[in-house]
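Have the structure open and follow along.

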Amino acid sequence: MSASPQAIVTRFAPSPTGFLHIGGARTALFNWLYARRFGGRFVLRIEDTDKARSTQAAIDAILDGMTWLGLDWDGDAWFQSHFAARHAEVARALLESGHAYRCWMTQEELAAQREAAQKERRPFRIRSPWRDRDDGPADQPFVVRLRAPQEGETSIDDAVQGRVTVRNEEIDDFVLLRSDGTPTYMLAVVVDDHDMGVTHVIRGDDHLNNAFRQIAIIRAMGWPVPTYGHVPLIHGADGAKLSKRHGALGVETYRDELGMLPEALFNYLLRLGWGHGDAEIISREEAIQWFDLPQVGRAPARFDMKKLENLNGHYLRAADPRRIASLIDHRIEGALGRGLDAGDIDLLTRAMPVLTPRAKDLNELAEAAQFLFKLRPLDVDEKAAALLEGAARDLLALVHESLQKLDTWTVEATEQAVREVSEAEGVKLGQVAQPLRAALTGRATSPGIFDVLALLGRDESLARIGDQMTGKGK
């Protein structure tokens, strides 16, 4: 089911009771892509009617997370709480047209109906004695319920799930206005979608049952029914419901704590339940060109952190070096306990092509880059210290002497000098390179040792080797 480039409007409507989690981010992405694909509008509505649980911090996190992912919305963000009077107005219109009624049922009566349903082992459906009468006590509080159709059935031609049908007798007379006059979610979402001109409601399939209730309101008001697309939820790699142990985290956690790039998370979320042939690496432009709802699978997508990390590694290697340097400089400063100057940032930028092939996230990249800026004498970790035992320091002295003779300090020249020591001493290159790596970085692993020499430069390299020759290393 493809759309035509008419006035298409999609929306993302998060509740600000928590941060923008990974499932919500994918919902926002699919709505954004559909609108951009067909030249429509993508609007953002903050459903903040739960004042007790809604927080400004959560609102800020939602806006910040969407901006970081590049999911720009059209116009200003809507806040559902601003339209409570409009929601109540629609409820009154439904009362006047006979599609809703006042209900004075007590909590005790509701509990008795629920208990009877349990005893009879049937689904609980509210059946109000006030559905066909309006002579309730004027001085007692009441709710407003929709007079839902009780015969026939309602069908949805869902753009993802296909045709779904429910018997109308399964839809109870749900509440539109509470006894204090405040609107319920079920009413507010329908009114807001209509007033915002939403043509396509793309959301998680946990809302599929809600759609039938919402259609009842829409038809009672004589409004056009939007196209629905209910997307299966995300599961963990083990097939279980997605939880924090699987990766059900806020978008800001992927950015700030896990060191992911926005383009990597964008690409990964895109491929969670949607595909275009065998394409794995998909640019924003390609995603906009290709995305459509019929390609969204009906089975739950499985979140795989390893795949996200691999994808992030690809985007790290493809990114502009100076941009990546700017994303990890504060991480390095935090580890070193001091700031980096302009010269340090230039060195970090030059090091990116050497460092990124070994890293899958910004944290690993920052850790791998720390050796460039450590002060002498270097701290040497336990594994590196083991590489400096025995005859290692004698080999370092020979390497130091060979490197000192170089007229040019390049990857090729330093490699030749180290190989000459290896051949002259009759040992494998690794037996020379490993203690050299420990002396230069304080670690047992690093980028290629000749790249390390080139990045550190002649003076710093020779000084670090000299420290280990004389036992100054810590």
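**Pockets and packed helices**

The largest pocket has 41 lining residues, and Pro14, Ser15, His21, Asp206 and His207 are the ones nearest its centre. A quick note before going on: this is a predicted model, where local features need pLDDT of at least 70, side-chain atom pairs count only at pLDDT 80 or more, and totals for chains, interfaces and linings use all residues. Residues are numbered from 1 along each chain as its sequence is written, and side-chain values use heavy atoms, with hydrogens and water left out.

As for what a pocket is: on a 1 Å grid over the protein atoms alone, it's an open set of points where a 1.4 Å probe fits, with protein on both sides within 12 Å along at least five of seven lines, and a lining residue has an atom within 4 Å of a point. The largest one holds about 1200 Å³ of space, a volume being the space filled by probe spheres set on the points. Elements giving two or more residues to its lining are β1 (9-12), α1 (22-37), α3 (84-97), β9 (200-204) and β11 (234-236); helices here are DSSP runs of H or I with at least four residues, and strands are E runs of at least two. The top contributor is α1, with five residues. By class, the lining has 16 nonpolar, 15 polar and 10 charged residues (Ala, Val, Leu, Ile, Met, Phe, Trp, Tyr, Cys and Pro count as nonpolar, Asp, Glu, Lys and Arg as charged, the others, Gly among them, as polar).

Now for the second largest pocket, at about 290 Å³. Its lining counts 14 residues, with Glu364, Glu367, Ala368, Arg443 and Thr445 nearest the centre. Helix α13 (residues 362-369) supplies the largest share, three residues.

On to the helices. How do α17 (residues 429-441) and α18 cross? Their axes (lines fitted to C-alpha atoms over the stretch in contact, with angles from 0 to 180 degrees between N-to-C directions) come within 8 Å and cross at roughly 80°. The two are therefore roughly perpendicular (65 to 115 degrees). Where they touch (heavy atoms within 4.5 Å), the α17 residues include Ala433, Leu436 and Leu440, and those of α18 include Leu453, Leu456 and Ile465. That contact has nine nonpolar, three polar and two charged residues.

Helix α18 (residues 449-469) also meets α16 (residues 411-425), with axes within 9 Å and a crossing of roughly 125°. Val411, Thr414, Glu415 and Val418 of α16 make this contact with Phe450, Asp451, Leu453 and Ala454 of α18.

Notes: Parallel < 35°, antiparallel > 145°, perpendicular 65-115°, else oblique.
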